[in-house]
Amino acid sequence: MFDVDTLAQRWDLPLPGKGGARVKSGAAAVETAAHSLARASLDCCVKCTICETMCPVMEVTELFPGPKFVGPQAERYRNGESVDHSIDYCSSCGTCTRVCPQGVKVAELNNQARAVMRAQHGEVPVRDRLITQTTLMGKVMTPIAPLANAALANKPIRVVMEKTVGVHRDAPMPHAQPMSLAEWLRRRTKRAHTLVPAGSRGPIVFFHGCAGGYFEVETSKRAIEVLEHIGYEVIVPKQGCCGLAAQSNGLYGQASANVVKLCEQLVAAGKGLTIVSSSGSCAGMLKHEAHEIMGVDAEVLADVSPRTVELSEFLRDLDDAGELPHRFRRIEATVAYHAPCQLKGQNMGMPAIELMELVPGFHVVESGRACCGVAGTYGLKQEKYDIAQAVGKPLFDIVRDVNPNLAVCDTETCRWQIEQSSGVKTVHPIWVLHAAYGLSRLAGIEPKPERRDRH
């Protein structure tokens with residue numbers, strides 16, 4: 001057995017803050033994970049290999065021997081040690097856990113084993129540390145958005161970045177915006193007329209995630225405007241990273257610190273308020289990964305987690321209760337929709353399809369594919385880029401065939417992957433509802449309204 005505390009302190013970060021003190025360090029986070037309920041489920045594995053037949057990574061490469069092999073099968077013999085490096089080719093898409101008929105937490109076991117492997121060998125590349133700093137990237141890139149975007153679109157610069165850092169030259173990159181969401185909130189004038197009297201339904205907290213604060217600002221704006229349009233007072237507290245990128249790269253201490261700090265920020269916005277997130281992956285971190293993978297035990301997380309709901313799920317539930325206004329414009333279109341892995345892992349069905357098909361004339365074709373390949377940061381990495389592209393190719397073909405002008409997907413990195421690899425503009429489902437309520441025109445589908453000349 002290796003000394004997990006000594007090793008983890010070398011490769012991970014201690015946890016600051018009142019809530020984070022309960023976890024104490026990255027080492028404690030790894031130890032907690034290693035003794036979690038996920039490990040208790042491994043003896044339910046009957047080696048049926050369903051997880052392997054459904055694994056999108058195993059389908060396209062021999063570098064990954066499969067979720068059963070590196071998961072429940074290997075875990076029986078690890079005794080705290082790491083499996084071989086093939087586990088690093090698991091994309092953590094979660095398909096294996098979802099399809100297991102015995103309820104084995106295969107994906108969770110694999111993620112934990114990878115974190116232990118990195119602790120054991122002290123192997124956390126500089127790249128994997130850099131790509132987890134999403135809030136920092138947003139803060140740095142926003143003031144110099146045109147320059148940052150030009151640099152990331154420059155092929156020689158991307159080649160240098162690939163050779164020095166290990167981010168593939170063709171991997172999708174975030175697009176910096178000239179104004180952050182926080183700046184837009186400070187400057188904006190609220191709409192005078194709403195479908196339901198402004199604030200009449202009471203307050204809710206909006207959780208936008210890092211990308212929604214800096215890169216997917218338009219999605220956050222449209223989410224806020226739709227929620228206000230149907231009568232809510234939307235509270236947007238200052239908020240940091242949920243830690244998902246760090247967790248998926250095995251940095252459990254950093255991820256645990258992030259998620260605890262975020263929960264403290266969300267709790268401060270209002271006691272007992274519903275927290276609605278436009279980022280399905282970030283909502284999943286609060287509802288699933290922090291508990292079942294990292295084993296974070298903090299009162300603020302226990303408070304925030306059950307109050308957090310993904311945006312489409314929230315609106316679908318309103319509709320089920322007969323409380324969602326159906327005063328939609330007609331939009332004639334058929335588009336492809338892809339449900340991201342992390343959304344599927346929350347077992348909510350596909351509420352986005354139900355919502356979009358409330359719009360007269362609007363039809364949705366569900367992709368039927370397990371994964372787009374990017375899996376958060378997986379598809380950005382030089383050694384995994386080709387695998388990610390092979391995983392996503394059938395999806396990209398479907399998207400182009402259904403509608404070459406527009407596709408829909410719930411999470412940010414998946415949208416960037418689909419749009420770059422298919423050439424089809426890809427938006428969050430809230431764009432469809434925003435347009436259907438008459439608050440905008442749907443890009444790629446409807447022409448912009450003609451400007452009237454002033455006399």
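How many residues does helix H16 have, and how far does it reach from its first C-alpha to its last? Helix H16 covers residues 252-268, which gives it 17 residues, and its reach is 24 Å. Keep in mind as you explore that this is a predicted model. Below we look at this helix, then at some aromatic rings and the charges over them.

**Helix H16**

- The 24 Å reach of H16 is close to the 24 Å expected at 1.5 Å a residue.
- H16 is mostly covered, with twelve of its 17 residues buried.
- Among the buried residues are Tyr252, Gly253 and Gln254, along with Val259, Val260, Leu262 and Leu266.
- Just after H16 comes Gly270, which takes a positive phi of about 160°.

**Aromatic pairs**

- The model has three aromatic pairs.
- In one of them, Phe215 and Trp416 are edge-to-face, because their ring planes stand at 90° and their centres are 6.3 Å apart.
- Phe215 sits in the loop between helix H13 (209-214) and helix H14 (217-229), while Trp416 belongs to helix H23 (residues 412-422), so this pair ties together parts that are 201 residues apart in sequence.
- Phe215 counts as buried because its relative accessibility is 7%, under the 20% cut-off.
- Trp416 has a relative accessible area of 18%, so Trp416 is buried too.

**Charges over rings**

- Arg222 places its charged end over the ring of Trp431, 3.8 Å from the ring's centre.
- Over the face of Tyr89 you will find Lys384, at 5.4 Å from the ring centre.

Terms used: Residues numbered from 1 in each chain as written. Predicted model: local features only at pLDDT ≥ 70, side-chain atom pairs only at ≥ 80, totals over all residues. Heavy atoms only, no water. Helix = DSSP H or I, 4+ residues; strand = E, 2+ residues; numbered from the N terminus. Expected span 1.5 Å × (residues − 1). Buried < 20%, exposed > 50% of the residue type's maximum accessible area, 1.4 Å probe, protein only. Phe/Tyr/Trp six-rings, centres within 6.5 Å; stacked < 30°, edge-to-face > 60°. Lys NZ or Arg CZ within 6 Å of the ring centre and 35° of its normal.
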